[in-house]
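Hi everyone, thanks for coming. Let me put the sequence and the model up, and then we'll walk through the ligand and a pair of helices.

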Amino acid sequence: MPRDATLRSDTDAADTHFGYRTVPLGEKQTLVDDVFHKVARRYDIMNDLMSGGLHRAWKNDLVAKLRPPQGDRPFRLLDLAGGTGDVAFRTVSAGGAGTRAVVADINTEMLAVGRERAEKRGLSERVEFTEANAEALPFPDGSFDAVTIAFGIRNVPRIPLALSEMRRVLKPGGRALVLEFSQVDVPLLDKIYEFYSFRVIPALGRQVTGDAEPYQYLVESIRRFPPPEVFAQMMRTAGFARVTATPFTGGVVVLHSGYRI
Ligand code: SAM
């Protein structure tokens, strides 16, 4: 997997978490990249299997909140950690002819799958794929009407940096939407979710991809992600205004929203 050294900033000495493991901050991205490099070709099928297709509904809800304009009015979306392009495809399909999307992701393998899917859907003209690190975006200030990041932010080693980059590239008045897994706090559903996460998902991953490890990381990283109120505060600290958090499916997933004023 070729890597552009300029995309990294591995000089930090502090520790962070990779799932339940404590790792040096500078190592997390490499470990995350290995996960998505391994799963890229089976990523979409595994998403359907693991969520029972629910990820489609969550992404549709995100795009419904985004409300891309109908007609020719230009609307430029940055779908960060956009992987194989799901959110970008949904957004340009929901919007009018003026709606365009850039999918930015650090993983070339995920982007390659995304480009193939765009081609098959006839969306290559409206969706562009770019290799980029969420912590240091290669876009000028104020260049997007909206920024989305779906199931991506928890993988980024320095979340505050990514949030401040998201705000920087938004136009004033632009909106950031962050879709991320969360902790379930509905009695009984929490027990089912726990069992499903730790017993079923890694086993399913092993069955379908031959490797349980990436899926063990997935469920552990969800548990380590800050609760909605803490993440909302991180968004405010990054300078976002009118920050809200909307739980879906009993809190399995939360849609965070904030504006650059
Ligand atoms: N957004 C897509 C979706 O919802 O289907 C993909 C989500 S996938 C769980 C997480 C993505 O985050 C992977 O494609 C991974 O390569 C990307 N990623 C991880 N760290 C990143 C970083 N620092 N900058 C940009 N993308 C990153």
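So, Tyr43: an N or O atom in its side chain is 2.9 Å from an oxygen atom of the ligand, and I'm calling that a polar contact, meaning a pair of N or O atoms within 3.5 Å. Before I go on, this is a predicted model, where local features need pLDDT of at least 70 and side-chain atom pairs count only at pLDDT 80 or more, while totals for chains, interfaces and linings use all residues. Numbering starts from 1 along each chain as its sequence is written, and side-chain values use heavy atoms, with hydrogens and water left out.

Next, Asp105 puts a polar side-chain atom 2.6 Å from a ligand oxygen. With Ala134 it's the backbone, where an N or O atom sits 2.9 Å from a nitrogen of the ligand. How much of the ligand does the protein bury? Taken alone the ligand exposes 590 Å², and 99% of that is buried; those are Shrake-Rupley areas with a 1.4 Å probe.

Who's around it? The ligand is surrounded by 20 residues, counted if a heavy atom lies within 4 Å, and Gln29, Ala81, Asp105, Ala134 and Ala150 are the closest. By class that's eleven nonpolar, seven polar and two charged. Helix α1 (25-39) gives the largest share, three residues. Helices here are DSSP runs of H or I, at least four residues.

Now over to α2 and helix α7 (residues 189-209). Their axes come within 11 Å and cross at roughly 145°; axes are lines fitted to C-alpha atoms over the stretch in contact, and angles run from 0 to 180 degrees between N-to-C directions. On the α2 side, Met46, Leu49 and Met50 make the contact, with contact meaning heavy atoms within 4.5 Å. From α7, the partners include Tyr196, Ile201 and Leu204.

Key. Polar contact = N/O pair within 3.5 Å; in protein donor to acceptor, adjacent residues only side chain to side chain. Helix = DSSP H or I, 4+ residues; strand = E, 2+ residues; numbered from the N terminus. Nonpolar A, V, L, I, M, F, W, Y, C, P; charged D, E, K, R; others polar.
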